[in-house]
Amino acid sequence: MSQSSEPPINEKTLIEVKNLKKYFPVKSGILQRIRGWVKAVDDVSFVIEEGETLGLVGESGCGKTTLGRTMLRLVESTAGKVFFRGLNIFELSPQELKSMRRNLQIIFQDPYSSLDPSLAIGEQITEGLRIHSIGDREERREVLKELLHHVGLEDYHAKRYPHEFSGGQRQRIGIARALALRPVFIVCDEPVSALDVSIQAQILNLLKDLQRDFNLTYLFIAHNMGAIEHISDRVAVMYLGKIVELAPRDQLFKNPFHPYTQALMSAIPSADHHRHKQRIILAGDVPSPLDPPSGCRFHPRCPAAFKPCPIEEPPLKEISPGHWVACWLME
């Protein structure tokens with residue numbers, strides 16, 4: 001077993017997240033004094049290589065979405081750094097950040113609320129091009145047609161409004177809008193969780209095709225392990241603001257080490273009647289990030305917790321090549 005360290009950086013590293021924290025103040029009283037902090041993201045580090053998809057999975061409220069938005073500076077961080085090709089995004093001036101946003105985009109979870117109901121979707125898809133003064137009107141129209149075709153829509157859809165589309169079509173519009181500036185990195189914030197099951201696979205396959213065609217890198221956020229397995233190259237498992245396991249997809253699904261990951265895996269339905277998985281039922285509810293447990297944050301619900309778990313927080317360690325786990329059972 002290697003010593004405690006951070007996931008390594010190499011020449012293929014596109015994104016490096018280093019000791020990222022995002023705390024939200026909790027205020028009360030007439031004077032609105034701060035009485036505590038919600039530790040949504042608490043000292044998270046990882047890297048994403050160019051062209052790969054890193055899946056980020058965990059229960060609702062674990063900090064997945066906050067992590068993705070903080071990385072893009074849609075919300076400001078409390079501490080830590082995020083590097084894009086070696087450049088610290090958090091140190092950029094407003095003008096530099098505007099230019100950087102051409103490379104960094106996001107696909108939102110709710111395809112309806114993320115669209116302006118009063119604007120035709122053609123205007124919304126090309127809005128980024130206008131803001132960044134890219135091309136004239138005719139050139140933007142050509143880009144719009146190309147994007148609509150890439151996401152499976154037709155030219156005439158450009159003049160229609162969001163309410164005229166189905167949920168799956170609206171998500172395709174959101175994807176086209178994210179692609180308009182030809183970004184390098186996209187945060188996919190639960191892009192299929194609001195869709196019918198029959199549509200989810202179509203959107204996942206579309207994202208994979210676009211990744212190949214546009215040479216994209218994804219952070220794919222989800223709570224659905226099936227979606228994570230389908231699209232990810234590596235998977236990071238998050239619990240209460242912390243990364244507890246990080247590994248290549250096949251390795252993680254074949255041999256999860258952390259008890260929390262094992263519990264998530266046991267809940268995946270299987271069509272194979274010959275595979276009998278024992279369901280792991282976790283006791284209690286997820287603790288509040290306002291007052292997280294001492295030591296390992298998972299220990300109050302962990303069926304394998306023992307003496308050191310409530311006392312000291314386990315470091316994220318590499319237990320086999322590329323497989324990182326934060327658990328005292330690995331010692």
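Modeller: The answer below starts with the rings and then takes up the other topics in turn.

This is a predicted model, in which local features need a pLDDT of at least 70 and side-chain atom pairs count only at pLDDT 80 or more, while totals for chains, interfaces and linings use all residues. Residues are numbered from 1 along each chain as its sequence is written, and side-chain values use heavy atoms, with hydrogens and water left out.

The structure holds three aromatic pairs, where rings of Phe, Tyr and Trp (its six-membered ring) pair if their centres lie within 6.5 Å, and planes under 30 degrees apart count as stacked, over 60 as edge-to-face and the rest as tilted. The pair of Tyr239 and Phe298 is edge-to-face, because the ring centres are 5.1 Å apart and the planes stand at 80 degrees. Tyr239 belongs to strand E9 (residues 234-239) and Phe298 to the loop between helix H10 (259-266) and strand E11 (317-320), so this contact ties together parts that are 59 residues apart in sequence; helices (H or I, at least four residues) and strands (E, at least two) are DSSP runs numbered from the N terminus. Both Tyr239 and Phe298 are buried, a word that stands for under 20% relative accessible area, with exposed over 50% and partly exposed in between (1.4 Å probe, protein chains only). Ring pairs also bring in Tyr260, so that Tyr239, Tyr260 and Phe298 form a cluster.

Most residues other than glycine have a negative phi. Leu240 lies in the loop between E9 and strand E10 (242-248) and is buried, with a relative accessible area of 2%. A positive phi, near 50 degrees, is also found at Glu190, in the loop between strand E7 (185-189) and helix H7 (197-214), and Glu190 counts as buried at 8% relative accessibility.

As for the cysteines, the count of disulfides (pairs of cysteine sulfur atoms within 2.5 Å) comes to zero. The closest cysteine sulfur to that of Cys188 is in Cys62, at 16 Å, too far for a bond, and Cys188 is buried with a relative accessible area of 0%. Cys327 is in no disulfide either, the nearest cysteine sulfur being that of Cys302, 6.3 Å away, and Cys327 counts as buried at 10% relative accessibility.

On a 1 Å grid over the protein atoms alone, a cavity is a set of points where a 1.4 Å probe fits but cannot get out, a pocket is an open set with protein on both sides within 12 Å along at least five of seven lines, and lining residues have an atom within 4 Å of a point. The largest cavity has a volume of about 80 Å³, and of the 13 residues that line it, the closest to its centre are Cys296, Cys302, Cys309, Cys327 and Trp328. The volume is the space filled by probe spheres set on the grid points, which are joined across faces, edges and corners.

The largest pocket holds about 470 Å³ and is lined by 22 residues, of which Arg101, Leu104, Gln105, Ile106 and Leu181 lie nearest its centre.
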